[in-house]
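Have the structure open as you read.

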Amino acid sequence: GKLTYEAKLYNVDSLAGLMMQIQLSPQSLQIGKVVVKYKDRSLTNRVIKLLAQQSGKTPDLYKKELIEKLETNLKTAQQSNSSFNEKFGKAFIGFIKDPDEFKISVSPSEPIPISELQNMQNPKELSAKLNIKISND
């Protein structure tokens with residue numbers, strides 16, 4: 001597979017500057033758009049095949065049971081009103097069913113200081129503030 005990422009950080013002038021800033025003054029670092037994407041090239045199905053062999057099942061049966069477990073977990077997330085877990089769960093189940101691409105993006109309406117994110121305790125608020133999108137395109 002292929003893992004790619006793109007990040008737009010503010011108040012950073014270089015990679016070396018970023019490392020120094022993280023250590024000395026992380027409060028001035030701001031996050032903008034971030035995209036992490038995994039493009040599968042058969043790894044997922046090979047892992048499912050290996051795990052199926054280890055459990056004495058066919059890959060199709062193993063995959064079916066895995067999806068059923070994930071869907072059960074998704075129902076729990078829906079009941080607990082966790083929109084992030086629900087989004088992630090739906091996208092991940094879709095990816096397991098048809099492993100092609102899995103993508104997580106963060107695109108806040110304006111740059112957010114990392115220090116502000118570190119102080120957020122409410123996952124719903126954090127998810128909304130970051131405008132998190134998760135998909136299995």
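In which helix of the chain is confidence lowest, and in which is it highest? This is a predicted model, where local features need pLDDT of at least 70, side-chain atom pairs count only at pLDDT 80 or more, and totals for chains, interfaces and linings use all residues. Residues are numbered from 1 along each chain as its sequence is written, and side-chain values use heavy atoms, with hydrogens and water left out.

The table has the answer; pLDDT is the predictor's confidence in each residue, from 0 to 100, and helices are DSSP runs (H or I, at least four residues) numbered from the N terminus.

| Confidence in the chain | Helix | Mean pLDDT |
|---|---|---|
| Lowest | helix 1 | 73 |
| Highest | helix 2 (residues 43–55) | 96 |

Over the chain, mean pLDDT is 87, with 97% of residues at 70 or more.

Now for the packing. Helix 3 (residues 59–79) and helix 4 (residues 83–97) have axes that come within 9 Å and cross at roughly 170 degrees. Axes here are lines fitted to C-alpha atoms over the stretch in contact, with angles from 0 to 180 degrees between N-to-C directions. Helix 3 and helix 4 are therefore roughly antiparallel (angles over 145 degrees). Residues of helix 3, including Leu 66, Leu 70 and Leu 74, meet residues of helix 4, among them Gly 89, Phe 92 and Ile 96; contact means heavy atoms within 4.5 Å.

Back in helix 1 (residues 15–24) sits Leu 18. Leu 18 is buried, at 14% relative accessible area (buried means under 20%, with a 1.4 Å probe and protein chains only). Beyond its neighbours within four places in sequence, Leu 18 contacts Leu 9, Val 12 and Leu 29.

Definitions and conventions:
Helix = DSSP H or I, 4+ residues; strand = E, 2+ residues; numbered from the N terminus. Parallel < 35°, antiparallel > 145°, perpendicular 65-115°, else oblique. Buried < 20%, exposed > 50% of the residue type's maximum accessible area, 1.4 Å probe, protein only.
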